[in-house]
Amino acid sequence: MSEIKIFRIIGTYNKNHKKYLFRKEVRALRKEDALEKALSQITSIGIYRRRIHVQEIKEISIKECQDYLIRELSQ
C-alpha cells in the first residue's frame, strides 16, 4: 500500500507585470500529483499555467511542514 507524502512546491508567477513568489505544501502520493494539485490551486485565482514557473519540488517531513492543517492530517 502506498504512503501519502508531503511535498513543498516553490515557484513564481507573473500577474499585472509583477512577479510573485509562492510556496505551497500539499499531500500526495507522487511528485507529479503534488505538482498538479498545487497548479490547480494557483490557477483557481485566474493565473494561466504558462505564467507559472516552478523552481523546486521536494518531499518534506511532518516536522518541516508549516501548514497546520496538513500537519494535523498527516499524524
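Me: In the hairpin of β1 and β2, which residue takes a positive phi?

Reply: The model is predicted, and in it local features need pLDDT of at least 70 and side-chain atom pairs count only at pLDDT 80 or more, whereas totals for chains, interfaces and linings use all residues. Residues are numbered from 1 along each chain as its sequence is written, and side-chain values use heavy atoms, with hydrogens and water left out. Helices (H or I, at least four residues) and strands (E, at least two) are DSSP runs numbered from the N terminus. The hairpin of β1 and β2 has 2 residues between the strands, and the residue with a positive phi, near 55°, is Asn16.

Me: Over how many bridges do β1 and β2 pair?

Reply: Two strands are said to pair if DSSP finds at least two bridges between them. Examples of facing residues are Lys15, whose bridge partner in β2 is Lys18, and Thr12, which stands opposite Leu21 in β2. The sense of the pairing of β1 and β2 is antiparallel, and the number of bridges is 11.

Me: Which residue in β3 does Ile9 stand opposite?

Reply: β1 and β3 pair in the antiparallel sense over 8 bridges. Ile6 has Ile60 of β3 opposite it, while the residue of β3 that stands opposite Ile9 is Ile57.

Me: In what order do the 3 strands of the open sheet lie?

Reply: The two edge positions belong to β2 and β3, each with a single partner strand, so one side of each is left without a neighbour in the sheet. Neighbouring strands of this sheet are turned by 15° against each other on average, direction ignored; axes here are lines fitted to C-alpha atoms, for helices over the stretch in contact, and angles run from 0 to 180 degrees between N-to-C directions. With antiparallel pairing, the order of the 3 strands in this open sheet is β2-β1-β3.

Me: At about what angle does α1 run to β2?

Reply: Contact is taken as heavy atoms within 4.5 Å, and α1 lies across β1, β2 and β3. The angle at which α1 runs to β2 is about 130°.

Me: How many residues of β1 are buried?

Reply: Buried means under 20% relative accessible area and exposed over 50%, with partly exposed in between (1.4 Å probe, protein chains only). By this criterion β1 is mostly covered, the buried share of its 11 residues being 8.

Me: With which residue does Glu25 form a salt bridge?

Reply: Side chains of opposite charge can pair when their charged atoms come close. A salt bridge is a side-chain nitrogen of Lys or Arg within 4 Å of a carboxyl oxygen of Asp or Glu. For Glu25, the closest N and O atoms are 2.7 Å apart, and the partner is Arg8. This pair links distant parts of the chain, 17 residues apart, since Glu25 is in strand β2 and, in strand β1 (residues 5-15), lies Arg8.

Me: The side chain of Glu25 reaches the backbone nitrogen of which residue?

Reply: Glu25 belongs to strand β2 (residues 18-28), and Glu25 is buried, with a relative accessible area of 11%. Beyond neighbours within four places in sequence, Glu25 is in contact with residues including Phe7, Ile60 and Ile70. A polar contact (a pair of N or O atoms within 3.5 Å; within protein, one must be able to donate a hydrogen and the other to accept it, and residues adjacent in sequence count only if both atoms are side-chain atoms) of 2.7 Å joins the side chains of Glu25 and Arg8. The backbone nitrogen that the Glu25 side chain reaches, at 3.0 Å, is that of Gln66.

Me: Which residue forms a salt bridge with Glu36?

Reply: Glu36 is partly exposed, with a relative accessible area of 42%. The closest N and O atoms of the salt bridge are 2.8 Å apart, and the residue paired with Glu36 is Arg49.

Me: How many salt bridges does the structure hold?

Reply: Another of these pairs joins the side chains of Arg30 and Asp33 at 3.1 Å, N to O. Arg30 counts as partly exposed at 46% relative accessibility, and Asp33 is partly exposed at 31%. The number of salt bridges in the structure is 4.
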